[in-house]
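Here are my notes for you on this structure. Keep the view open and find each element as you read.

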Amino acid sequence: MKENEIYCDWAATALFDKEIMENALKTQIECNGNPSSAHEFGHRAKKILEESRKKAARALGVNEKSIFFTSGGTESNHLVITNLLLRPNKGSIVISNIEHPAIREMAENMKKCGWKVISCKCDSNGIVRSESVIKAIEDDTALVCVMAVNNEVGSIQPIYEIADALVEKCKGRKKPKFHVDCVQAAGKIPLDLSHKGIDSASFSAHKIGGSRGIGILYISDNAQESFLKGGGQENGIRSGTENLFGIVTMAESLEKYFFKSEKDEFYKRYEKQKAYSAQFIDTLKQIPGFSLIPETRESFDERFSPWVIQCAINKIPGEVMVRALSEKGIYISTGSACSSRKMKRPILQAMGVKPELLEAGVRFSFGFATTESQMQTVAEQVKKIAAMF
């Protein structure tokens with residue numbers, strides 16, 4: 001970034017952690033072998049890969065055998081869903097209606113393969129309640145997908161409550177697998193994968209300072225077979241020559257930024273962000289016609305990630321605000337980068353957001369390098385732009 005630019009689109013992709021990227025590049029240059037090769041050069045690469053797996057597992061607090069490297073969050077989600085195609089009998093899948101397109105669109109494809117997809121509705125705050133999930137599942141439900149943090153409005157989903165409810169509901173019979181998309185949660189909010197009932201989870205390095213094109217699929221019991229076949233890498237879960245550079249960045253990003261509780265180092269930065277975001281919202285509230293999305297967010301602030309703020313200013317289209325700020329060297333978005341070309345707001349529509357706010361909605365998202373001063377500068381620039389309308 002140039003000195004006078006301010007990046008506020010971290011939910012789309014994080015700024016690279018320079019130290020992590022440089023270390024990974026140095027490692028890749030020094031050891032460019034294929035980890036599957038039988039010779040010494042390949043063995044060195046394999047050692048780095050397995051050391052990274054252990055490092056990632058330690059950070060997440062799980063067994064290293066449950067960690068599988070993939071090309072990113074999307075593939076991690078797809079591996080869990082497409083695995084169902086190996087089942088002899090078709091059934092149903094329950095997904096929340098605020099899932100990322102990586103799950104939402106793949107679920108639509110599963111319909112074409114004979115699977116029933118049941119949409120579990122969120123409330124007006126963008127939160128999926130455990131009661132809603134339990135009401136949605138059927139006797140043949142094989143998979144439930146609910147994300148940990150919504151990428152557009154920042155709502156934190158009660159994944160532990162949902163996991164508990166599924167375990168309780170299914171006593172005496174086979175429980176549907178519970179998959180959690182953790183892409184916007186890792187390194188952003190406290191996260192505990194050891195909670196009983198969470199069967200799998202997806203992660204992406206580029207959301208927390210690592211490189212693009214690398215992710216993790218966590219499988220709690222390591223008992224999944226992959227529908228996609230190939231050379232058998234990653235214990236057959238994800239075939240294809242391993243991205244050693246990316247794997248190193250994935251492991252080091254988790255080691256540096258992932259946190260489970262207030263005992264972890266990065267928790268302090270998380271607490272600071274809460275204060276920064278509260279101040280940011282207070283400044284924007286001075287603008288006539290300003291609305292938080294959801295409008296009740298402040299009443300339920302503990303249920304929202306402080307790193308993502310969706311809001312709108314009446315009569316200023318979101319695309320106009322994005323362009324106006326971009327001209328000032330401030331970069332935000334209207335929502336998910338994966339949906340930006342489609343110009344649709346399915347998440348906000350699922351929440352029942354008013355039509356006028358749908359068009360005006362913009363997303364400010366922040367990360368580890370965002371400063372309090374930068375956020376206040378952004379808020380003041382938004383005020384100046386709004387005053388022109």
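The points below cover some helices, their packing and one histidine in a predicted model.

1. Start with helix α2, residues 40-60. Its 21 residues should span 30 Å at 1.5 Å a residue. The end C-alpha atoms of α2 are 30 Å apart, which agrees. Just after α2 comes glycine 61, with a positive phi of about 75°.

2. Which residues of α2 are buried? They are Gly42, Ala45, Ile48, Leu49, Ser52, Arg53, Ala56, Ala57, Ala59 and Leu60. An α-helix has 3.6 residues a turn, so residues three or four places apart point the same way. Look for that spacing in the list. The cover over the buried residues of α2 includes helices α1 (18-30) and α7 (244-257). Strands β2 (67-70), β7 (200-204) and β8 (215-219) are also among what covers them.

3. Histidine 206 sits in the loop between β7 and β8. Is it buried or exposed? Its relative accessible area is 16%. Buried means under 20%, so histidine 206 counts as buried. Set aside its neighbours within four places in sequence, and histidine 206 is in contact with Ala12, Thr13, Ala14, Ser211 and Arg212.

4. Now take α3 (residues 73-82) and α4 (residues 101-112). Two packed helices are described by the angle between their axes and the distance between the axes. For α3 and α4 the angle is about 30°, and the axes are 10 Å apart. Angles under 35 degrees count as roughly parallel, so α3 and α4 are roughly parallel to each other. Their crossing is right-handed. On α3, the contact is made by Thr74, Asn77, His78, Ile81 and Thr82. On α4, it is made by Ala102, Ile103, Met106 and Met110. By class, this contact has 5 nonpolar, 4 polar and no charged residues.

5. Helix α8 has 18 residues, which should span 26 Å at 1.5 Å a residue. Its end C-alpha atoms are 26 Å apart, in agreement. The buried residues of α8 include Tyr267, Arg269, Tyr270, Ile281 and Leu284. What covers the buried residues of α8 includes β9 (290-293), β10 (308-313), β12 (362-365) and α12.

6. How do α8 and α12 cross? The axes of α8 (residues 267-284) and α12 (residues 372-387) come within 9 Å and cross at roughly 15°. That makes α8 roughly parallel to α12. The crossing is right-handed. By class, the contact of α8 with α12 has 7 nonpolar, 5 polar and 3 charged residues. Among those that meet are Tyr276 and Phe280 in α8, and Met375 and Val382 in α12.

Notes. Residues are numbered from 1 along each chain as its sequence is written. This is a predicted model: local features need pLDDT of at least 70, side-chain atom pairs count only at pLDDT 80 or more; totals for chains, interfaces and linings use all residues. Side-chain values use heavy atoms; hydrogens and water are left out. Helices (H or I, at least four residues) and strands (E, at least two) are DSSP runs, numbered from the N terminus. The expected span of a helix is 1.5 Å times one less than its number of residues. Buried means under 20% relative accessible area, exposed over 50%, partly exposed in between (1.4 Å probe, protein chains only). Contact means heavy atoms within 4.5 Å. Axes are lines fitted to C-alpha atoms, for helices over the stretch in contact, and angles run from 0 to 180 degrees between N-to-C directions. Angles under 35 degrees count as roughly parallel, over 145 as roughly antiparallel, 65 to 115 as roughly perpendicular and the rest as oblique. A crossing is left-handed if the near helix is turned anticlockwise from the far one by less than a right angle, and right-handed if clockwise. Ala, Val, Leu, Ile, Met, Phe, Trp, Tyr, Cys and Pro count as nonpolar, Asp, Glu, Lys and Arg as charged, and the others, Gly among them, as polar.
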